Amino acid sequence: MLERACGEPVRKTNFRGALEQQWRRSLVGAAQPQTPAVARPITQPESPDWGSVIDTATFCGRSEELLCLRQWVLEEQCRLVLLLGIGGIGKSTLAARLVQQVQSEFEVVVWRSLQNAPPFEEWLESVLPVLLRAQGEDVALAGSLDGKLLKLMEGLRSRRCLLILDNVETIFSAGQPAQYRVGCGEYGQLFKAVGEVLHQSCLLLTGREKPREVGLLEGKQRSARTFLLKGLDSEAGRELFLYKGSFSGTDTEWEQLVAYYSGNPLALKLLAATTQDLFSGNIAQILNYVQQGSAVFEDIRDLLQHQFERLSEVEQTMLFWLAIHRESVSLFELNEDLVTKASQRRLPDAMQSLLRRCLIEKAAPTPLEAGEQFFLQPVVLEYATDQFVQCITEEITGQTPGRLKTHALLKAQAKDYVREIQKRLILEPIAEQLRLQFGHSQVLEQRLKTMLEQQQRQAPQPDYLAGNLLNLLVHLQSNLRGCNFSELTVWQAD
């Protein structure tokens with residue numbers, strides 16, 4: 001095991017201290033008179049080690065993003081840069097194009113994908129030989145994990161290196177925001193060391209979730225930065241379509257279509273194929289189709305499902321509430337919606353986590369609004385609504401109310417047009433699916449009334465269950481004459 005100057009073994013708790021001691025010793029040595037040495041030839045950059053080939057053939061737009069990232073990496077020499085964005089937004093492609101442009105400025109370039117969540121030591125053992133070989137050192141990897149980490153940091157300090165970690169979200173546990181998977185906790189140690197310890201290299205991360213260490217280190221005047229990647233503009237989105245073939249549409253139609261998918265390159269590629277196959281390349285026809293509420297095709301659904309499954313319970317709660325509201329909403333309004341004090345306490349952390357996952361967005365507050373407003377992109381909104389409808393349908397079928405208690409199917413005091421949208425996109429699809437499952441309206445009505453009676457026999461509950469069941473019965477045009485609704489807490493009944 002490696003030792004510090006005092007003879008103490010290097011462990012996780014003193015790893016940073018060991019690095020700082022070695023750095024100080026190198027500074028002291030540099031300040032002392034040196035014996036003239038034989039000049040060595042300038043080392044030529046190593047060929048980039050990509051690990052796997054990244055295709056940038058269909059790269060479109062992003063000139064401003066590239067300019068900013070080049071400035072951070074080359075001119076400001078940031079040590080830790082995170083390229084953050086929702087799935088399919090083009091993080092890996094942009095990172096690859098950036099590396100192609102700046103690789104000549106680095107002596108060593110190593111790209112590794114974390115798609116399969118390799119344990120940290122496995123990743124380290126794949127990268128360290130490249131750095132050691134570039135330094136002309138023995139590539140044998142004998143020694144402890146701490147020793148290998150120290151060797152890696154020495155390599156980042158002695159040579160100008162660019163390390164890329166793609167798909168960093170995979171090293172986190174699903175349902176636990178920013179919690180590392182077993183065997184991956186040392187990645188956090190790496191991020192912290194790279195951001196804090198002086199060296200001349202850069203670690204570039206791409207991911208859908210922000211590591212806590214990056215959040216603590218980043219800042220405009222610091223060497224750690226986060227670039228939040230947004231979608232393509234209308235012109236770049238249209239150019240991406242043209243790689244698939246010929247399309248016909250007006251400028252306005254193109255703008256509306258790209259905006260509806262928030263310029264997500266992967267979604268647009270999938271949509272281009274669908275437009276060719278089903279609508280003969282006619283933009284007006286596909287636009288009309290998606291504006292009727294059919295924007296989430298199967299491939300896009302799979303993309304969103306993967307990210308949705310990684311959310312914690314409270315994060316899913318907030319995503320569903322944003323889908324119910326249909327419009328931008330403040331933290332104060334969301335807090336008023338929540339049933340339990342526990343959910344209210346966890347609200348700020350949940351919203352911050354959803355922002356880090358790029359699943360929600362912020363709108364600047366107007367003079368009439370209190371605080372920042374949060375909303376969902378159209379495609380995410382449609383997907384979250386579909387998931388909510390499916391969840392409620394299953395709860396009624398199985399008589400296992402969960403979201404039925406914690407979420408309102410519609411807001412009785414919402415603006416008229418919002419309430420009508422809630423009826424059309426939430427109440428009606430639930431009623432339609434239930435009719436198909438129960439086969440006869442009277443059977444369905446009896447199920448809803450039975451659930452109300454079960455609620456009556458319990459102690460009064462401050463939740464949305466009774467109001468939701470009443471709204472469904474009214475929507476089904478049930479005959480409620482003579483029904484007894486006493487001993488029920490009724491919220492948001494229209």
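Start at Cys358, in the loop between α15 and β7. Cys358 has a positive phi of about 65 degrees, although it is not a glycine. Most residues other than glycine have a negative phi. Is Cys358 buried or exposed? Cys358 is buried, at a relative accessible area of 7%. Buried means under 20% relative accessible area, exposed means over 50%, and partly exposed is in between, with a 1.4 Å probe and protein chains only.

A word on the source. This is a predicted model: local features need pLDDT of at least 70, side-chain atom pairs count only at pLDDT 80 or more, and totals for chains, interfaces and linings use all residues. Residues are numbered from 1 along each chain as its sequence is written, and side-chain values use heavy atoms, with hydrogens and water left out.

Compare another positive phi. Ser280 is not a glycine either, and its phi is about 55 degrees. Ser280 sits in the loop between α10 (265-279) and α11 (283-291). Ser280 is exposed, with a relative accessible area of 68%. Then there is Gln399, which follows α16 and has a positive phi near 50 degrees.

α15 covers residues 341-356, 16 residues in total. From first C-alpha to last, α15 reaches 24 Å, close to the 22 Å expected at 1.5 Å a residue. The expected span is 1.5 Å times one less than the number of residues. Where does α15 bend? The bend is at Leu347, by about 45 degrees, and a proline, Pro348, follows within four residues. That bend is the angle between axes fitted to the seven residues ending there and the seven starting there. 

Which residues of α15 are buried? They are Leu347, Ala350, Met351, Ser353, Leu354 and Arg356. These buried residues pack against β1 (80-84), α7 (212-217), α13 (313-325), α14 (331-337) and β8. Contact means heavy atoms within 4.5 Å.

For comparison, take α16, residues 378-398. α16 has 21 residues and reaches 30 Å, close to the 30 Å expected.

Now the sheets. β8 belongs to an open sheet of three strands, in the order β6-β8-β7, with antiparallel pairing. Its edge strands are β6 (329-330) and β7 (361-363), each pairing on one side only. Two strands pair if DSSP finds at least two bridges between them. β6 and β8 (residues 373-375) pair over two bridges.

Axes are lines fitted to C-alpha atoms, for helices over the stretch in contact, and angles run from 0 to 180 degrees between N-to-C directions. β3 (residues 161-166) and β4 (residues 202-207) pair in the parallel sense over four bridges. There, Leu165 stands opposite Leu205 in β4.

On to a helix pair. α18 (residues 416-438) and α20 (residues 465-475) pack at an angle of about 80 degrees, with their axes 10 Å apart. α18 and α20 are therefore roughly perpendicular. The cut-offs: under 35 degrees is roughly parallel, over 145 roughly antiparallel, 65 to 115 roughly perpendicular, and the rest oblique. From α18, the contact uses Lys423, Leu427, Glu428, Ile430 and Ala431. From α20, it uses Asn471, Leu472 and His475.

Past α20 comes the segment that holds Thr489. Thr489 counts as partly exposed, at 24% relative accessibility. Thr489 and Gln461 are 28 residues apart in sequence but 6.3 Å apart in space, C-alpha to C-alpha. Not counting residues up to four places away in sequence, Thr489 touches Pro460, Gln461, Pro462, Asp463 and Ala466.

Last, the totals. The protein has 20 helices and eight strands. Of its 494 residues, 48% count as buried. Among contacts with a separation of 6 or more, 72% come from residues 24 or more positions apart.
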